[in-house]
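Welcome! Here are a few exercises to work through with the model open beside you. Try each task before you read its solution.

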Amino acid sequence: MEETPHNCPGTGSAQAGRGTACQGCPNQRLCASGAGEGPDPAIEEIKEKMKTVKHKILVLSGKGGVGKSTFSAHLAHALAEDENTQVALLDIDICGPSIPKIMGLEGEQVHQSGSGWSPVFLEDNLGVMSVGFLLSSPDDAVIWRGPKKNGMIKQFLRDVDWGEVDYLIVDTPPGTSDEHLSVVQYLAAARIDGAVIITTPQEVSLQDVRKEISFCHKVKLPIIGVVENMSGFVCPKCKKESQIFPPTTGGAEAMCQDLKIPLLGKVPLDPHIGKSCDEGRSFLVDTPDSPATVAYRSIIQRIQEYCSLHRPEERTSLVPE
């Protein structure tokens with residue numbers, strides 16, 4: 001997504017997609033298609049639906065393959081270890097839904113009731129929703145344009161019967177495009193706690209993550225903090241630490257200091273993480289003594305502390321004033 005012009009009229013304006021500032025913007029056609037129609041009524045419906053959800057956390061990354069879905073899944077697993085905490089995991093990666101596989105729910109189907117779609121429950125207190133549950137095969141390709149993706153996200157937020165939920169975790173695709181704008185727009189009035197941004201140490205990843213941070217600032221989405229995945233590897237035999245992805249520009253730590261945002265922690269590489277995800281199991285339970293598990297639990301504790309201390313504000317604007 002290219003940088004939003006400072007004089008962008010905003011998606012709710014009658015000039016959306018039609019003003020001089022809109023020329024050349026990649027979202028010009030999408031904005032123009034809804035210009036002058038007033039606020040989407042679904043926003044109020046979603047706000048009402050989300051009154052039963054206490055905390056809403058988006059997991060973002062500018063770069064694909066940095067472990068965003070893995071982190072989303074294990075954040076859900078860890079929170080749900082407390083039987084008194086009700087957790088919902090929503091996968092809005094429409095074209096690459098990996099949450100069903102990671103959560104061990106491949107092949108499950110969504111059921112519809114009078115109160116809407118029922119999520120697929122891994123545990124009594126952990127419900128999951130993904131477009132992957134709507135496909136006839138895990139190998140099916142979802143070939144949709146932006147408006148259809150946005151409609152699917154709207155349905156997930158408005159029509160899924162989540163019930164009383166303590167945490168809603170939203171796993172997003174990489175980038176800063178249609179899906180991200182949609183979920184922020186639809187949840188803005190429903191109060192989002194903030195975003196957790198995932199990166200790896202190398203500059204090619206940090207470059208895209210800086211764009212993600214810029215996106216959060218522009219749409220007024222609070223940043224809970226940054227997680228650096230794949231942060232070194234300790235050989236299980238010789239205990240020597242290697243940098244598989246060298247932090248040539250100082251890694252996430254230097255970036256966070258520069259941009260004045262919190263670094264939640266660093267998760268080292270552990271081959272068992274990929275194995276647990278492939279088998280649809282919780283790495284935190286399978287390998288409790290791993291340095292990666294210790295890092296995960298420390299990061300998740302910080303996220304919980306953030307949510308308990310910060311009361312999210314209602315936001316109605318998607319661009320800076």
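**Exercise 1.** In which loop is the place of glycine 65? Find also its accessibility class and its record annotation.

*Solution.* Before starting, keep in mind that this is a predicted model, where local features need pLDDT of at least 70, side-chain atom pairs count only at pLDDT 80 or more, and totals for chains, interfaces and linings use all residues. Residues are numbered from 1 along each chain as its sequence is written, and side-chain values use heavy atoms, with hydrogens and water left out.

Step 1: glycine 65 sits in the loop between β1 (53-60) and α3 (68-79). Helices (H or I, at least four residues) and strands (E, at least two) are DSSP runs, numbered from the N terminus.

Step 2: its relative accessible area is 70%, so glycine 65 is exposed. The classes are buried under 20% relative accessible area, exposed over 50%, and partly exposed in between (1.4 Å probe, protein chains only).

Step 3: a UniProt "binding site" annotation (unreviewed entry) covers Gly62, Lys63, Gly64, Gly65, Val66, Gly67, Lys68 and Ser69. UniProt positions are given in the numbering used here, feature names are shortened, and annotations may be inferred rather than shown by experiment. Lysine 63, also in the loop between β1 and α3, is partly exposed at 26%.

Step 4: look across the chain. Isoleucine 198 is 133 residues from glycine 65 in sequence, and the two are 10.0 Å apart in space, C-alpha to C-alpha.

**Exercise 2.** Compare the backbone at lysine 220 and lysine 260.

*Solution.* Step 1: recall the background. Most residues other than glycine have a negative phi, and most peptide bonds are trans.

Step 1: lysine 220 has a positive phi of about 60°, and lysine 260 also has a positive phi of about 60°.

Step 2: lysine 220 is in the loop between α7 (203-218) and β9 (223-228), and is partly exposed at 30%. Lysine 260 is in the loop between α8 (251-259) and β12 (263-266), and is exposed at 74%.

**Exercise 3.** How many salt bridges does the structure hold? Then examine the pair of aspartate 166 and lysine 54.

*Solution.* Step 1: there are 14 salt bridges, each being a side-chain nitrogen of Lys or Arg within 4 Å of a carboxyl oxygen of Asp or Glu.

Step 1: aspartate 166 pairs with lysine 54, with the closest N and O atoms 3.3 Å apart. This pair links distant parts of the chain, since aspartate 166 is in strand β7 (residues 165-171) and lysine 54 is in strand β1, 112 residues apart.

Step 2: check the accessibility of each partner. Aspartate 166 is buried at 17%, whereas lysine 54 is exposed at 56%.

Step 3: turn to glutamate 279, which forms a salt bridge with lysine 275, the closest N and O atoms being 3.2 Å apart. Elsewhere, salt bridges that share partners join Glu45, Arg158 and Asp159 into one network.
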